[in-house]
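This briefing sets out the main features of the structure shown below.

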Amino acid sequence: MTENSFVIVGIRETDVQEKEKKKRWYQGKPIISVVLLGIILLGCVFCDLIMMKDPTYLDLVNYTKAPNREFLFGTDTLGRDIFSMIWYGGRISLFIGFVSTAISTAIALIFGALSGIAPEWIDTLMMRLTEILLSLPNLLVIILLQAILGEANVISISIVIGITSWTSIAKVVRTEVRQIRNSEYVVASRCMGGSFFHILWKHLTPNFISSIMFMVVMNVRSAIVSESTLSFMGIGLPLEIISWGSMLSLSEKALLTKAWWIILIPGAFLVVTLMCVTNLGNYLRKNTNRKQSSL
């Protein structure tokens, strides 16, 4: 055998590595969903710049008009311009979604962290309470609380939805906190006199935020669905407060007059928004699971 019989060639690239190199940066990412959701969000935020007419104006001369040059999406049974209502109502629906999600996330973080660092018997009691609340139909609880509060408005619906949709996130937070509560940096912060909220914000939350992010995103979707369902049932926002749900509450009259655009167009915007949020949430969940499996 000669000296050059063996040649060191290094690590041979496998087919998986070659496929990863060929994979484009946008593959597997919800680009279309992000773009569509961004367009809808921008349209709702800056709706004052693109609204053709006052969404609350009752034009009784042009009621139930099909889509045309003057009314791009037509008018409803009260003569209101649906194009302007879509963007203005979307602002209300998205506001309820984000505010209620912020409330539920704050409750879940505090409750879950307290349960995670509490003694065993207190932790058991808090988790049993969480499981009892999880077993109750969420929509029925929302209806009950809203009936107690009285006439619905944007703030009351946001609060009711927020305080009834924190349980799932709290269970995940509690599990994550119990795993890291005895870490050196948490113990050191306690010894230095760090308060509960300081430890929660500075040390605990950064470690489990990725685990609950997809649940937070999905809570936005659930809140929009809950508001739309309540308005569709006639127990949500009053008719003068425009939202996608309150627009769909006119479906009975629209079906009787064969005005398909009153149902189809707001329903299409609602479905597209929910699908985009769902795709974004699924991507965050898969990304989190992939990172955890590679640890």
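**Overview**

Of the 295 residues of the protein, 40% count as buried. The model is predicted. Its secondary structure consists of 13 helices and 0 strands, and 69% of the contacts between residues at least 6 apart in sequence join residues at least 24 apart.

**Nonpolar cores**

- The largest nonpolar core comprises 24 residues. I82, I86, W87, W244, M247 and I262 are those with the most contacts inside this core.
- At least two residues of this core come from each of the helices α2 (31–45), α4 (82–117), α10 (196–232), α11 (244–248) and α13 (260–293).
- In soluble globular proteins, nonpolar side chains tend to be buried together.

**Surroundings of I262**

- Which residues does I262 contact, leaving aside its neighbours within four places in sequence? The contacts are T75, D76, T77, I82, M247, L250 and A254.
- Two of these partners, I82 and M247, are also listed with I262 among the residues with the most contacts inside the largest core.

- S93 is located in helix α4.
- Is S93 buried or exposed? S93 counts as buried because its relative accessibility is 0%, below the 20% cut-off for that class.
- The side chains of S93 and E227 make a polar contact at 3.4 Å.
- When residues up to four places away in sequence are not counted, S93 touches I224, E227, S243, W244 and G245. Of these, W244 is also listed among the residues with the most contacts inside the largest nonpolar core.

**Surface**

- The accessible surface of the protein amounts to about 17,300 Å². Carbon and sulfur atoms account for 66% of this area.
- I31, I32, V35, L36, I39 and V272 make a nonpolar surface patch of about 500 Å².
- Helix α2 contributes 5 residues, the largest share of the patch.
- V272, another member of the patch, is placed in helix α13.
- V272 counts as partly exposed because its relative accessibility is 31%, and that class lies between the cut-offs of 20% and 50%.

Methods. Residues numbered from 1 in each chain as written. Predicted model: local features only at pLDDT ≥ 70, side-chain atom pairs only at ≥ 80, totals over all residues. Heavy atoms only, no water. Core = buried A, V, L, I, M, F, W, Y, C linked by side-chain atoms within 4.5 Å. Buried < 20%, exposed > 50% of the residue type's maximum accessible area, 1.4 Å probe, protein only. Helix = DSSP H or I, 4+ residues; strand = E, 2+ residues; numbered from the N terminus. Contact = heavy atoms within 4.5 Å. Patch = residues over 30% accessible without salt bridge, like charges linked within 9 Å, V, L, I, M, F, W, Y side chains within 5 Å. Areas by Shrake-Rupley, 256 points an atom, 1.4 Å probe, with all protein chains shown as cover. Salt bridge = Lys/Arg side-chain N within 4 Å of Asp/Glu carboxyl O. Polar contact = N/O pair within 3.5 Å; in protein donor to acceptor, adjacent residues only side chain to side chain.
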